Amino acid sequence: MSVRVGAARVRALLLSLVTFFVVAGTATGCSGGDERPRVVVTTNILGDITREIVGDEADVSVLMKPNADPHSFGLSAVQAAELENADLVVHNGLGLEENVLRHVEAARASGVATFAAGEAADPLTFHAGEEGGPDDEAGEPDPHFWTDPDRVRKAAGLIADQVVAHVDGVNEKTVRDNAAHYDVQLADLTTWMEKSFATIPEGRRALVTNHHVFGYLADRFGFRVIGAVVPSGTTLASPSSSDLRSLTRAMEEAGVRTVFADSSQPTRLAEVLRQEMGGDVDVVPLYSESLTEKGEGAGTYLQMMRANTSAMTEGLTRD
């Protein structure tokens, strides 16, 4: 009897020790001394750019799922913990990730290195009045810098600097080489976009979108922003009847019959505008704020920009 009791105690002791080491290893992120450095990125557009730069040098975790809205997506408790356990957090900033900012701030407060790409990319501000900007946000920074590939080139170079400075264990030469290779692709993208947009007559270089998202593209490639169905820089706002009437008048005065709608958002508001103008309006979907799943048209930043350029060029040159 005493032998069986002793054996039971030994088994209980061994089970306790195994449990202790498993829990301790989970709590500290231990993986047999082979833990890889980690970069956490908030939006999927920046996630793709960061992965191009980091390559295999570190794990890159992207919080925003494909086809999500950066203005409204939120985090689970596990994702919030990822931020505070990262070597580096890359986020857009400028108020884009409205439900995630407090988690980024918490990570920064706990000592995690954070980098706001939009704030480092020479941000523009929203304009009001004749430039078609949102009146209540005039003077506020526009977070949608990625619609200008030249600003993405600048941001990508700075992300490489941040990775080298804050992510221990990466090979600096590899990171720099990755960044240089991607920079060439971004430069090629800019040249291709310039040639494509050059086919659009000057009088048709006018944009109406679901909300104010293409200010950087307009500034870089010489477009006029007539207005937006949602007169705001965020999809979380809603238009009033007077907003729609004002936009309808502006479109009629400019001779614009094409509305570019967010592919990650329902086109209901653009359809309302079509009804306001008697049905003679083309509604063209663009990938403006989120990448898609791989193979669905905009699985990478480069694919997204090329798809948008083609759609815009076709939409604005159609008779």
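Gly 203 counts as exposed, because its relative accessibility is 56%. Exposed means over 50% relative accessible area, buried means under 20%, and partly exposed is what lies in between, with a 1.4 Å probe and protein chains only. Gly 203 sits in the loop between helix H6 and strand E5 (206-211). Helices here are DSSP runs of H or I with at least four residues, strands are runs of E with at least two, and both are numbered from the N terminus.

A word on the source. This is a predicted model, where local features need pLDDT of at least 70 and side-chain atom pairs count only at pLDDT 80 or more, while totals for chains, interfaces and linings use all residues. Residues are numbered from 1 along each chain as its sequence is written, and side-chain values use heavy atoms, with hydrogens and water left out.

Now the overall picture. The protein has ten helices and eight strands. It has 319 residues, and 47% of them count as buried. Take the contacts between residues at least 6 apart in sequence: 65% of these join residues at least 24 apart. Contact means heavy atoms within 4.5 Å.

Next, the sheet. In what order do the four strands of the open sheet stand? The order is E2-E1-E3-E4, and the pairing is parallel. Two strands pair if DSSP finds at least two bridges between them. Strand E2 (59-62) and strand E4 (113-116) are at the edges with a single partner strand each, so one side of each has no neighbour in the sheet. On average, neighbouring strands are turned by 20° against each other, direction ignored. Look at the middle. Strand E1 (residues 38-41) runs parallel to strand E3 (residues 88-91), and three bridges join them. Val 40 stands opposite Val 89 in E3.

Helix H5 (residues 149-166) packs on this sheet. H5 touches E3 and E4, and its direction makes about 175° with that of E4. Axes are lines fitted to C-alpha atoms, for helices over the stretch in contact, and angles run from 0 to 180 degrees between N-to-C directions.

H5 also has a helix partner. The axes of H5 and helix H6 (residues 172-197) come within 9 Å and cross at roughly 175°. That makes the two helices roughly antiparallel. The cut-offs: under 35 degrees is roughly parallel, over 145 roughly antiparallel, 65 to 115 roughly perpendicular, and the rest oblique. On the H5 side, the contact residues include Val 152, Ala 156 and Val 163. On the H6 side, they include Val 175, Tyr 182 and Leu 186. By class, this contact has 13 nonpolar, one polar and six charged residues. Nonpolar covers Ala, Val, Leu, Ile, Met, Phe, Trp, Tyr, Cys and Pro; charged covers Asp, Glu, Lys and Arg; the others, Gly among them, are polar.

Now helix H2 (residues 44-54). Why is H2 largely enclosed by the rest of the structure? Nine of its eleven residues are buried, so the rest of the structure largely encloses H2. Among the buried ones are Ile 45, Leu 46, Ile 49 and Val 54. The buried residues of H2 pack against E1, E2, E3, H5, H6 and H10. Just after H2, Gly 55 takes a positive phi of about 60°.

On to the aromatics. How many aromatic pairs does the structure hold? Three. Rings of Phe, Tyr and Trp (its six-membered ring) pair if their centres lie within 6.5 Å; planes under 30 degrees apart are stacked, over 60 edge-to-face, and the rest tilted. Phe 145 and Trp 146 are edge-to-face, at 6.2 Å centre to centre with 75° between the planes. Phe 145 counts as buried at 1% relative accessibility, and Trp 146 is buried at 3%. Phe 197 and Phe 221 are edge-to-face too, at 5.3 Å and 65°. That pair links distant parts of the chain: Phe 197 is in H6, Phe 221 is in helix H7 (residues 215-221), and they are 24 residues apart. Phe 197 is buried at 1%, and Phe 221 counts as buried at 8%. Phe 197, Phe 221 and Phe 223 form one aromatic cluster.

Last stop, Ala 311. This residue is in helix H10 (residues 301-317). Ala 311 counts as buried, at 18% relative accessibility. Leaving out residues up to four places away in sequence, Ala 311 touches Phe 260, Val 284, Pro 285 and Leu 286. Ala 311 and Leu 286 are 25 residues apart in sequence, yet 7.2 Å apart in space, C-alpha to C-alpha.
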